[in-house]
Amino acid sequence: MQTRIVLVGLICCSLVSSVKACGPGRGYGRRRHPRKLTPLAYKQYIPNVAEKTLGASGRYEGKITRNSERFKELTPNYNPDIIFKDEENTGADRLMTQRCKDKLNSLAISVMNQWPGVKLRVTEGWDEDGHHSEESLHYEGRAVDITTSDRDRSKYGMLARLAVEAGFDWVYYESKAHIHCSVKAENSVAAKSGGCFPASAQVSLENGGTKSVKDLKPGDRVLAADGEGNLLYSDFIMFLDRVEAVKKVFYVIETREPRRRLSLTAAHLLFAGQESSPGQVLFASKVRPGHLVYITDGEGHQLQPATVEKVYLEEMAGAYAPLTVQGTLVINQVLASCYAVIEDHTLAHWAFAPVRMSYAVKSLFSPNDPLMVNSTVQENGVHWYSSVLYQIGRWVLDDAAIHPLGMTWESS
């Protein structure tokens with residue numbers, strides 16, 4: 001049965017990989033225009049917070065030396081598409097954390113695509129000689145200074161932008177001579193931010209009550225929305241991810257009057273945008289003040305737009321990613337997608353069609369058998385089907401459609 005579901009999931013992904021539309025609303029079938037990349041300005045950094053804060057690469061965790069226990073955290077990078085300056089002649093510039101290596105390798109591909117014949121060049125990687133300022137992330141192998149192989153400084157603003165797109169957690173056009181990039185620590189809670197809500201998040205039930213998301217059971221009827229933006233009650237099927245004993249960093253999105261407050265992790269999808277009708281979906285990490293999100297009215301009968309007033313980060317307990325038959329969920333009175341990591345709600349919903357069909361069959365033939373229904377639940381961790389679909393997505397989708405943090409929620 002599981003093999004069949006995987007095969008059907010692959011077919012769904014292949015059939016709809018060209019679909020670039022989001023719901024709810026009459027947005028289905030609209031083509032997404034290629035996004036124009038804007039070079040960073042000299043001395044600009046993204047995100048616009050200090051490097052060693054929660055919203056960027058996080059705090060300094062201590063210098064790594066060749067004799068320290070943490071030296072095993074570093075891995076050499078022998079990518080032939082990257083030029084390492086290695087002025088120390090020790091190979092130190094090639095040593096870095098796995099996260100830094102992954103982002104650097106991704107950036108190397110982007111550089112070659114942007115400028116054929118040009119390669120990425122690393123001038124500084126891990127520092128074992130104390131050449132950087134106190135508490136520099138270079139001492140942990142979490143930072144690199146980069147240029148292009150032709151050392152054409154007119155390219156550096158775009159190089160910085162490509163580094164942002166490659167998923168570095170902090171990028172700084174630091175000097176006319178190089179770009180500085182850094183990443184979160186491998187064990188950072190901020191690095192493990194997949195598509196979830198905190199345990200305290202509330203859903204609305206068909207019987208008029210509310211329930212904490214952590215307490216949902218298969219078959220619970222919860223408030224959601226259809227593809228036209230109409231509110232309705234939909235069956236809760238299972239958790240795509242469920243981790244109780246964890247603290248994660250959540251993006252907290254607050255609206256103006258009427259006041260609403262929703263917390264979700266960076267890679268989770270939220271119906272938000274700048275238009276007056278809900279036809280766009282964004283990663284939570286892309287939502288900004290001034291964007292519109294969609295909330296229930298005072299009666300709870302229909303959706304209405306509300307303006308985001310502020311967005312900030314907060315650490316909270318628990319991580320839960322519920323899936324409903326509709327693929328949407330009204331949580332804390334704000335409409336959200338059930339999906340994450342891949343920035344296409346419609347595609348994700350199609351890909352989970354086999355799960356919905358399996359649930360429907362079980363409910364039809366064994367409506368009163370809790371063992372049959374509960375077999376769809378992932379008790380702890382990421383559901384296997386989500387993991388499979390993510391790997392398929394990496395094969396068939398453009399990297400731009402996948403959140404830079406990828407599926408780091410697996411390691412929670």
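A residue is called buried when its relative accessible area is under 20%, exposed when that area is over 50%, and partly exposed in between. The structure described here is a predicted model. Seven helices and 20 strands occur in the protein, and buried residues account for 55% of its 412 residues.

**Overall make-up**

- The protein exposes about 18500 Å², of which carbon and sulfur atoms supply 51%.
- Of the contacts with a separation of 6 or more, 66% are between residues 24 or more positions apart.

**Helix α3**

- Helix α3 spans residues 156–166 and is mostly covered, with 10 of its 11 residues buried.
- Among the buried residues of α3 are Tyr156, Met158, Leu159, Arg161, Leu162 and Val164.
- The cover over the buried residues of α3 includes the helix α2 (98–114) and the strands β1, β5 (120–124), β6 (143–148), β7 (170–175) and β8 (178–182).

**Tyr42 in its loop**

- Tyr42 is found in the loop between α1 (2–16) and β1 (45–46).
- Tyr42 has a relative accessibility of 39% and therefore counts as partly exposed.
- Apart from neighbours within four places in sequence, Tyr42 is in contact with Tyr173, Glu174, Ser175 and Lys176.
- Tyr42 and Glu174 are 132 residues apart along the chain, yet 7.1 Å separates their C-alpha atoms.

**Cysteines**

- A disulfide requires a pair of cysteine sulfur atoms within 2.5 Å, and by this rule the count is zero disulfides.
- Cys196 is buried, because its relative accessibility is 0%.
- Cys338 is also buried, because its relative accessible area is 3%.

**Salt bridges**

- Side chains of opposite charge can pair when their charged atoms come close.
- The structure holds 18 salt bridges.
- One of the salt bridges pairs Lys72 with Glu69, and their closest N and O atoms are 2.8 Å apart.
- Lys72 counts as exposed because its relative accessibility is 66%, and Glu69 counts as exposed because its relative accessibility is 59%.
- Another salt bridge joins the side chains of Glu254 and Lys310, at 3.8 Å from N to O.
- Glu254 lies in strand β12 (residues 231–255) and Lys310 in strand β17 (residues 303–324), so that pair links distant parts of the chain, 56 residues apart.
- Glu254 is buried at 14% relative accessibility, whereas Lys310 is partly exposed at 39%.
- Glu309 and Arg259 also meet through their side chains in a salt bridge, at 2.4 Å from N to O.
- Glu309 belongs to strand β17 and Arg259 to the loop between β12 and β13 (261–264), so this pair ties together parts that are 50 residues apart in sequence.
- Glu309 is partly exposed, with a relative accessible area of 33%, and Arg259 is partly exposed, with a relative accessible area of 44%.

Definitions and conventions
Residues are numbered from 1 along each chain as its sequence is written. This is a predicted model: local features need pLDDT of at least 70, side-chain atom pairs count only at pLDDT 80 or more; totals for chains, interfaces and linings use all residues. Side-chain values use heavy atoms; hydrogens and water are left out. Buried means under 20% relative accessible area, exposed over 50%, partly exposed in between (1.4 Å probe, protein chains only). Helices (H or I, at least four residues) and strands (E, at least two) are DSSP runs, numbered from the N terminus. Contact means heavy atoms within 4.5 Å. Accessible areas come from the Shrake-Rupley method with a 1.4 Å probe; for residues, only the protein chains shown count as cover. A salt bridge is a side-chain nitrogen of Lys or Arg within 4 Å of a carboxyl oxygen of Asp or Glu.
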